[in-house]
Amino acid sequence: MTDLQPDTQWPRWEIFKQDTEKRPYQGVGSVHAGDPDHALLTARNVFVRRPAAVSLWAVREDDILNATPEEVGTHPEVLDTPGETDTYHVGIKKTHKRSMTFVDMVESVEATGPGDALRQAREQHADALAWLVFPDSAIARTDDDPGTVESWFAPAKDKTYKQQQYYGVIGKHVGELKREGRMPRRATEEPHAGDHKVYDHPHDASPAELQTHEVQKPEVQK
């Protein structure tokens with residue numbers, strides 16, 4: 001029987017980033033951290049190295065309640081999850097498209113617990129692929145004073161962000177070689193000089209040629 005190993009990882013925190021003051025927070029991923037400050041600092045290093053940002057939230061995974069329509073249908077009791085009365089933030093997933101951002105925070109609701117907040121999210125956004133709620137009191141957030149915003153996010157704002165395909169490659173890109181008709185032959189093909197093979201492979205020779213070692217190199221056109 002295998003002994004279960006204790007979980008030695010730091011708690012997991014979900015990270016929500018706001019790109020500008022006029023845009024909503026969006027879920028961008030998660031980090032493992034020992035406390036709120038550690039979570040925010042790690043999130044800044046991971047998710048704000050180049051993209052613009054003005055604020056970060058970090059919320060412990062244990063403080064978040066989420067569900068899909070299928071899960072609510074199978075386990076409707078999730079809508080009765082108890083908790084504290086608070087302002088709850090509501091996030092929804094709207095697409096299966098893979099990207100850095102997969103949850104948009106769309107509104108806040110007053111609720112008697114996470115189950116009640118999830119019920120309201122389900123009623124207001126019935127077409128969502130998933131709902132996510134957490135209380136305002138669970139958020140660890142960066143300060144919004146100008147000094148903090150400047151010191152935390154300005155260096156990343158000034159960096160140029162490029163998609164991977166815009167970075168240079170060593171030599172020419174394979175697409176350029178194809179367009180110029182200079183794509184190298186496959187390594188498994190026989191060596192060629194122009195359109196002619198450098199030598200005939202013994203497997204192509206007749207038995208008589210093999211016995212007399214008369215496999216000759218063809219004359220290469222110059």
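**Close-up views of a predicted model**

At 32% relative accessibility, Arg60 counts as partly exposed, a label for anything between buried (under 20% relative accessible area) and exposed (over 50%), worked out with a 1.4 Å probe on protein chains only. Everything here comes from a predicted model, where local features need pLDDT of at least 70 and side-chain atom pairs count only at pLDDT 80 or more, while totals for chains, interfaces and linings use all residues. Residues are numbered from 1 along each chain as its sequence is written, and side-chain values use heavy atoms, with hydrogens and water left out.

**View 1. Arg60 and Asp62 meet in a salt bridge.** The distance for this pair is 3.3 Å, N to O. To count as a salt bridge, a side-chain nitrogen of Lys or Arg has to lie within 4 Å of a carboxyl oxygen of Asp or Glu. Asp62 is exposed, with a relative accessible area of 60%. Side chains of opposite charge can pair when their charged atoms come close. Search the whole structure and you'll find 7 salt bridges.

**View 2. Lys17, Asp19 and Arg23 are linked in a network of salt bridges.** Start with Lys17 and Asp19, whose side chains meet at 2.3 Å, N to O. Asp19 also has a salt bridge to Arg23, this time at 3.7 Å, N to O. Is Lys17 buried or exposed? Lys17 turns out to be buried, with a relative accessible area of 6%. Arg23 is partly exposed, at 41% relative accessibility.

**View 3. Helix H1 covers residues 36-47.** Helices (H or I, at least four residues) and strands (E, at least two) are DSSP runs, numbered from the N terminus. H1 has 12 residues and reaches 16 Å from its first C-alpha to its last, close to the 16 Å expected at 1.5 Å a residue; that expected span is 1.5 Å times one less than the number of residues. Which residues of H1 are buried? They are Ala39, Leu40, Thr42, Ala43 and Phe47. Look down the axis of H1 and these buried residues fall within an arc of 170°, so they line one face of the helix; the arc is that of the directions from the helix axis to the C-beta atoms. An α-helix has 3.6 residues a turn, so residues three or four places apart point the same way. Now check the start of H1: a side-chain oxygen of Asp35 comes to within 3.1 Å of the backbone nitrogen of Asp37.

**View 4. Helix H3 (residues 114-124) has buried residues too.** In H3, Pro114, Gly115, Ala117, Leu118 and Ala121 are buried. Down the axis of H3, its buried residues fall within an arc of 160°, so they line one face of the helix. On the face of H3 turned away from that buried side you'll spot the exposed residues Glu123 and Gln124.

**View 5. An open sheet is built from 8 strands.** The order is S4-S7-S5-S6-S2-S1-S3-S8, and the pairing is antiparallel. Strand S4 (65-67) and strand S8 (139-141) stand at the edges, each with a single partner strand, so one side of each is left without a neighbour in the sheet. Neighbouring strands of this sheet are turned by 35° against each other on average, direction ignored; the axes behind that angle are lines fitted to C-alpha atoms.

**View 6. Strand S1 (residues 12-18) pairs with S2 and with S3.** S1 is mostly covered, with 6 of its 7 residues buried. Two strands count as a pair if DSSP finds at least two bridges between them. S1 and strand S2 (residues 26-32) run antiparallel, joined by 6 bridges, and Trp13 has Val31 of S2 as its bridge partner. Strand S3 (residues 55-60) also pairs with S1 over 6 bridges in the antiparallel sense; here Phe16 stands opposite Trp57.

**View 7. Strand S7 (residues 130-135) pairs with S4 and with S5.** How many residues of S7 are buried? It's 6 of its 6. Both faces of S7 are covered, with Ala130, Leu132 and Phe134 on one side and Trp131, Val133 and Pro135 on the other. S4 and S7 pair in the antiparallel sense over 3 bridges: Ala67 stands opposite Trp131, and Leu65 has Val133 as its bridge partner. Strand S5 (residues 86-93) is joined to S7 by 6 bridges, again antiparallel, and Lys93 is partnered with Ala130 of S7.

Note on methods
Polar contact = N/O pair within 3.5 Å; in protein donor to acceptor, adjacent residues only side chain to side chain. Axes fitted to C-alpha atoms, helices over the stretch in contact; angles between N-to-C directions.
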